[in-house]
Amino acid sequence: MKNDEPAWTRQMTRLVVFSTFVILHSSFIACCSPAQPSDDSDVRAFLTRYFSTWSAKDMDGYGACFHEQARVIFVQQGMPQSQGLTDFLHGQKLSHATASSPMTEVPTDMKILRDDRTAQASVRWKLTKGAEITTGTDCFTLIKTPRGWKIMSLVFYND
């Protein structure tokens with residue numbers, strides 16, 4: 001650079017050099033970082049099965065989605081109500097058995113953060129019971145086991 005160059009030329013040169021450094025640095029980090037699974041289709045398929053087994057009243061299939069040490073927490077008016085898996089699954093079975101209309105629950109949006117061993121998912125859902133519709137969110141922590149994904153914790157709430 002020459003001292004007689006305009007100030008804007010020197011600033012532009014600095015900007016180009018800095019931008020090049022950032023791009024190269026980012027590329028280096030990306031190529032040297034451990035591989036992250038970018039395909040979350042297996043987690044989406046698992047979560048879709050979770051909702052479909054519940055809606056089909058397949059409580060054995062639904063229960064199989066959970067790890068045996070799972071905890072379930074329902075948040076109501078800002079207060080958590082925690083249950084062990086056995087009590088939770090029994091309550092779900094009773095809900096279907098005593099419902100005046102068939103109930104179906106479908107995911108409406110899934111946000112998934114995962115690596116090769118665990119995943120976290122926030123799933124918006126819609127529950128239909130006759131003409132009544134309830135919406136809410138399930139927040140899952142999943143673990144990958146030799147038998148596939150399992151729910152370690154579920155925190156859920158209605159809107």
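Modeller: In this predicted model, helices are DSSP runs of H or I with at least four residues, strands are DSSP runs of E with at least two, and both are numbered from the N terminus. The chain comprises four helices and six strands, in the sequence order α-α-α-β-β-α-β-β-β-β.

Colleague: What makes E1 and E2 a pair of strands?

Modeller: Pairing requires at least two bridges found by DSSP. E1 (residues 66-76) and E2 (residues 79-84) share six bridges in the antiparallel sense, so the two strands count as paired. One of these bridges sets glutamine 76 against methionine 79 in E2. E1 and E2 form a hairpin with two residues between them, and glutamine 77 in the turn has a positive phi of about 55°.

Colleague: How do you know that E1 also pairs with E6?

Modeller: Five bridges join E1 to E6 (residues 148-158). As at least two are needed, E1 and E6 are therefore paired as well. These two strands run parallel, and phenylalanine 66 stands opposite isoleucine 151 in E6.

Colleague: Why is arginine 114 called buried?

Modeller: Arginine 114, found in strand E3 (residues 103-114), has a relative accessible area of 13%. The term applies under 20%, so arginine 114 is buried. Buried residues make up 29% of the 159 residues in the chain.

Colleague: What makes the approach of arginine 114 to aspartate 42 a polar contact?

Modeller: The side chains of arginine 114 and aspartate 42 are 2.8 Å apart at this contact.

Colleague: Which elements supply the lining of the largest pocket with at least two residues each?

Modeller: They are H2 (41-55), E1, E2, H4 (85-98), E3, E4 (118-129), E5 (132-145) and E6. H4 provides the largest share, four residues.

Terms used:
Residues are numbered from 1 along each chain as its sequence is written. This is a predicted model: local features need pLDDT of at least 70, side-chain atom pairs count only at pLDDT 80 or more; totals for chains, interfaces and linings use all residues. Side-chain values use heavy atoms; hydrogens and water are left out. Buried means under 20% relative accessible area, exposed over 50%, partly exposed in between (1.4 Å probe, protein chains only). A polar contact is a pair of N or O atoms within 3.5 Å; within protein, one must be able to donate a hydrogen and the other to accept it, and residues adjacent in sequence count only if both atoms are side-chain atoms.
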